[in-house]
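Open the model in your viewer and keep the selection tool at hand. Each stop says what to select and what is there.

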Amino acid sequence: MNIELSFLLGPLSGGVIGYFTNWLAIKMMFRPHKAKHLFGIKLPFTPGLIPKEKGRLAEAIGTSISENLMNREVLEKNLLSEDMLTKIADAYDGFIAKQRVNSETLRAFLGHVFSEEDLNKMQSDAGGELASQIYSHLADSNLGTMLAHAAVEHAISKMESGLLGIFGADQLLSLLSDPAERLLSKQINQIISNNSEEILIGLIGQESDKLLDTPVYELLRGHDEQLAQLRGILLDGYRQVISVHLPKILSTIDISRIVRDRINEMDIAEAEKIILFVMNKELSAIVWLGALLGCIIGMVNSLF
């Protein structure tokens, strides 16, 4: 009976010791958080390993992330992968499919992003800018002269048919056409100069109101080809941003410093909580592995 108890006590005590020593070792990685002193003498193993080496660990982690996880090659490989491009394309297709049955007006749709004040300002600014551009083209196009010439030419043709057979009628009409055309041209150009921009702003404002009050699904109807082209433009733009601008972005961001500073700013209790949460399964396995090894060693000792 004593032999059997001795045989059991060896593995049991070894298991308890192995479990406790591994549990204590893990705890001592983090605790105590600060150095402890006794009679003015700093106690050994205080603070814990991670608090003590926090600065060095932050430097090493920052460098490792910068060089191995957040470099141009790794980011481009992942961001430009076929899987990523497919996800972007699918997201676009899903968004368009949803909008094809969206009965809210364009004004309401944009209202999810812009305030009513901003939307009104953009509408006003866009209308005014478009009207100004159209007006400048009209002013430079000599539209009044062209309209006057067409009007006088049409009037002369009508008058010629009515005066057909009257001697000298064609010469008379010819003499009248030039001054009439010049006078009419002057008046039309004056009207355009004085009123066209205001008129255009009003017309564009009415059209923009009509556009904004149109349901989204109606705006998309019949534009499958343009939507497909927009899909291609979106993907090409994404590739361009990643290929051309990603290196510039990375060159301006010191990822190593950002990671290092963030770790150094982190409270050690917070860091302990994060690490234990992420590695709880692995650390528990280490503790129980210690118990198993202690049990095996105790069993071997009991045998010999």
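Start by selecting asparagine 102. Beyond its neighbours up to four places away in sequence, asparagine 102 touches Phe109, Pro215, Val216 and Tyr217. This is a predicted model, so read each stop as a feature of a prediction. Asparagine 102 sits in the loop between α5 and α6 (106-110). Is asparagine 102 buried or exposed? Its relative accessible area is 14%, and because the cut-off for buried is under 20%, asparagine 102 counts as buried.

Now show the side chains around it. Glutamine 99 and asparagine 102 are joined side chain to side chain by a polar contact of 2.8 Å. A polar contact of 3.1 Å links the side chain of asparagine 102 to that of glutamate 104.

Threonine 214 belongs to the loop between α9 (169-212) and α10 (216-220). Its relative accessibility is 16%, so threonine 214 is buried.

**The nonpolar core**

Next, select Leu75, Leu85, Ile88, Ala89, Leu235, Tyr238, Ile242, Leu246, Leu250, Ile255 and Val259. These 11 residues form the largest nonpolar core. Colour by element: α5 (82-99), α11 (224-252) and α12 (255-265) each give two or more residues to this core. The largest share, five residues, comes from α11.

Zoom in on tyrosine 238, one of the core residues. Leaving aside neighbours within four places in sequence, tyrosine 238 is in contact with Leu79, Leu80, Met84, Leu85 and Ile88.

Proline 247 is partly exposed, at a relative accessible area of 22%. Outside the four places on either side in sequence, proline 247 is in contact with Arg72 and Ile242. Now draw a distance from proline 247 to leucine 75. The two are 172 residues apart along the chain, and their C-alpha atoms are separated by 9.9 Å.

Move on to residues 268-278, helix α13. Which of its residues are buried? They are Ile268, Ala271 and Glu272. Look down the axis of α13: the buried residues fall within an arc of 100°, so they line one face of the helix. An α-helix has 3.6 residues a turn, so residues three or four places apart point the same way. Turn to the face away from the buried side. Lys273, Phe277 and Val278 are exposed there.

Then go to the N-terminal end of α13, which aspartate 267 caps. A side-chain oxygen of aspartate 267 lies 3.1 Å from the backbone nitrogen of alanine 269.

With α13 still in view, bring up the largest pocket. It holds about 280 Å³ of space. Select its lining: Ile50, Lys54, Leu57, Ile61, Ile263, Met266, Ile268, Ala271, Ile274 and Ile275. Two or more of the lining residues come from each of α3 (54-69) and α13. Which element gives the largest share of the lining? It is α13, with four residues. Ile268 and Ala271 line the pocket, and both are among the buried residues of α13.

Continue along α3 to arginine 56, which is found in that helix. Arginine 56 counts as exposed, at 54% relative accessibility. From arginine 56, draw a distance to asparagine 264. The pair are 208 residues apart in sequence and 9.6 Å apart in space, C-alpha to C-alpha.

**Two backbone stops**

Select arginine 31 and proline 32. A cis peptide bond joins them, with omega about -5°. Proline 32 is in the loop between α1 (2-30) and β1 (37-38).

Then select phenylalanine 39, in the loop between β1 and β2 (41-42). Phenylalanine 39 is exposed, with a relative accessible area of 78%.

**Zoom out**

Of its 304 residues, 23% are buried. Among contacts between residues at least 6 apart in sequence, 76% join residues at least 24 apart.

Terms used: Residues numbered from 1 in each chain as written. Predicted model: local features only at pLDDT ≥ 70, side-chain atom pairs only at ≥ 80, totals over all residues. Heavy atoms only, no water. Core = buried A, V, L, I, M, F, W, Y, C linked by side-chain atoms within 4.5 Å. Buried < 20%, exposed > 50% of the residue type's maximum accessible area, 1.4 Å probe, protein only. Contact = heavy atoms within 4.5 Å. Arc of directions from axis to C-beta. Polar contact = N/O pair within 3.5 Å; in protein donor to acceptor, adjacent residues only side chain to side chain. 1 Å grid on protein atoms, 1.4 Å probe; cavity = no way out; pocket = protein on both sides within 12 Å on 5 of 7 lines; lining within 4 Å. Points joined across faces, edges and corners; volume = space filled by probe spheres on them.
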